Amino acid sequence: MCLNPPRYFDGTVLAQKALSAVARLREQVDMTTLIDVLRGAGKSYLRKRGYDQIRTFGAGRDLSFYDWRHYLEQMLQLGLVEIAYDDHNRVCLTEAAWDVLKGRQKVELVQPATLKEREQAAKKHRTTAADLDHESAELFERLRQLRLEQARARGIAPYLVFSDATLRDMARTRPATLADMAQVSGVGEKKLAEYGRIFLDAIHLWAKEKGIALQVRRGGQTAVRIPATQKPDTLERTWELYNQGLTIEEMARARNLATSTIVTHLAKLYEEGRKVDLRRFVSRSEMQRVLEVLRTIEPPWRIREIHEALGGEIDYDKIKLAMAWVARKQRTR
């Protein structure tokens with residue numbers, strides 16, 4: 001018996017407000033900007049871009065940022081919107097969205113209060129990293145950090161990438177191949193295609209650093225052991241492609257990774273002292289703007305906070321590379 005069943009309500013009008021805003025913004029903004037428009041936020045970048053002139057500006061000011069975030073994430077799960085992860089995380093309409101906008105389809109949503117209650121109840125009953133051995137707990141924390149990076153890059157909540165339970169299963173079983181990854185609880189076909197290689201590379205890198213051999217499993221049985229030194233360092237493979245003059249997008253395609261992962265690799269390589277020419281990816285003016293914002297914000301810095309302070313005009317990847325420049329500068333002082 002479910003002790004905290006979801007409480008649905010007719011969210012058609014609410015969904016129409018959000019979808020109408022996406023359409024009027026010509027599908028050119030990320031989720032944070034969309035929520036700012038819906039709530040009629042008094043931010044200068046909204047006025048500068050003329051977003052305060054569209055008809056749906058402030059149409060949802062009666063809801064909190066948190067509430068809108070949860071409703072939009074539900075619309076994402078319902079297939080009413082999509083996120084263009086490879087194009088500044090723009091929120092885009094799907095064919096199904098037009099049926100809602102034209103009144104041909106109703107939308108049922110779950111109240112945010114219910115979501116909070118269910119999350120709190122789940123937190124009480126789920127196990128934590130404490131049920132893992134020391135090495136698995138360490139890998140779990142690394143995977144959680146990777147999940148956070150992926151979520152920030154896509155403008156979504158971390159749990160929409162993978163749940164803690166799924167990350168714990170990854171840390172415990174340590175999949176060595178994509179076939180193994182598909183056996184991890186919570187990794188479906190869609191998430192395997194989108195995140196499988198990214199998290200698999202992270203597990204291989206961790207295993208190499210620890211000198212641990214990963215086990216390939218077939219049919220639940222251990223079949224092969226991959227020495228920790230056998231798989232090339234994922235950073236080194238990105239470094240090789242960088243030295244071939246490839247763009248970030250070309251490196252991502254060559255490695256079947258997200259562009260945000262390639263940017264993370266380049267940032268780490270630069271911080272380590274490698275000769276990564278950041279000017280290939282971030283212009284002088286963009287770098288200067290990021291540095292100016294960093295001077296006004298107390299560390300630890302959060303990419304989303306910096307992105308918002310810049311009015312959403314410089315994407316996350318460029319901010320991450322600019323932060324790498326600062327980190328290396330501070331390290332060499």
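Trainee: Which residues in α7 meet which ones in α13?

Mentor: This is a predicted model, and in it Glu 149, Gln 150, Ala 153 and Arg 154 of α7 meet Ser 260, Thr 261 and Thr 264 of α13. The residues of this contact divide into 1 nonpolar, 4 polar and 2 charged.

Trainee: And at what angle do the two helices pack?

Mentor: Helix α7, which covers residues 134-154, and helix α13, which covers residues 259-271, pack at an angle of about 120°, and their axes are 10 Å apart. The two helices are therefore oblique to each other, and α7 passes α13 in a right-handed crossing.

Trainee: Switching topic, where does Gln 215 lie?

Mentor: Gln 215 lies in strand β5, which spans residues 214-218.

Trainee: Why does Gln 215 count as partly exposed?

Mentor: Its relative accessibility is 24%, and because buried means under 20% and exposed means over 50%, a value in between counts as partly exposed.

Trainee: How far apart are Gln 215 and Thr 173 in space?

Mentor: Their C-alpha atoms are 8.8 Å apart in space, although the two residues are 42 residues apart in sequence.

Trainee: What about the whole chain, how many helices and strands are there?

Mentor: The secondary structure of the protein chain comes to 16 helices and 6 strands, and buried residues make up 48% of its 333 residues. Among contacts between residues at least 6 apart in sequence, 63% join residues at least 24 apart.

Key: Residues numbered from 1 in each chain as written. Predicted model: local features only at pLDDT ≥ 70, side-chain atom pairs only at ≥ 80, totals over all residues. Heavy atoms only, no water. Helix = DSSP H or I, 4+ residues; strand = E, 2+ residues; numbered from the N terminus. Buried < 20%, exposed > 50% of the residue type's maximum accessible area, 1.4 Å probe, protein only. Contact = heavy atoms within 4.5 Å. Axes fitted to C-alpha atoms, helices over the stretch in contact; angles between N-to-C directions. Parallel < 35°, antiparallel > 145°, perpendicular 65-115°, else oblique. Left-handed = near helix turned anticlockwise from the far one by under 90°. Nonpolar A, V, L, I, M, F, W, Y, C, P; charged D, E, K, R; others polar.
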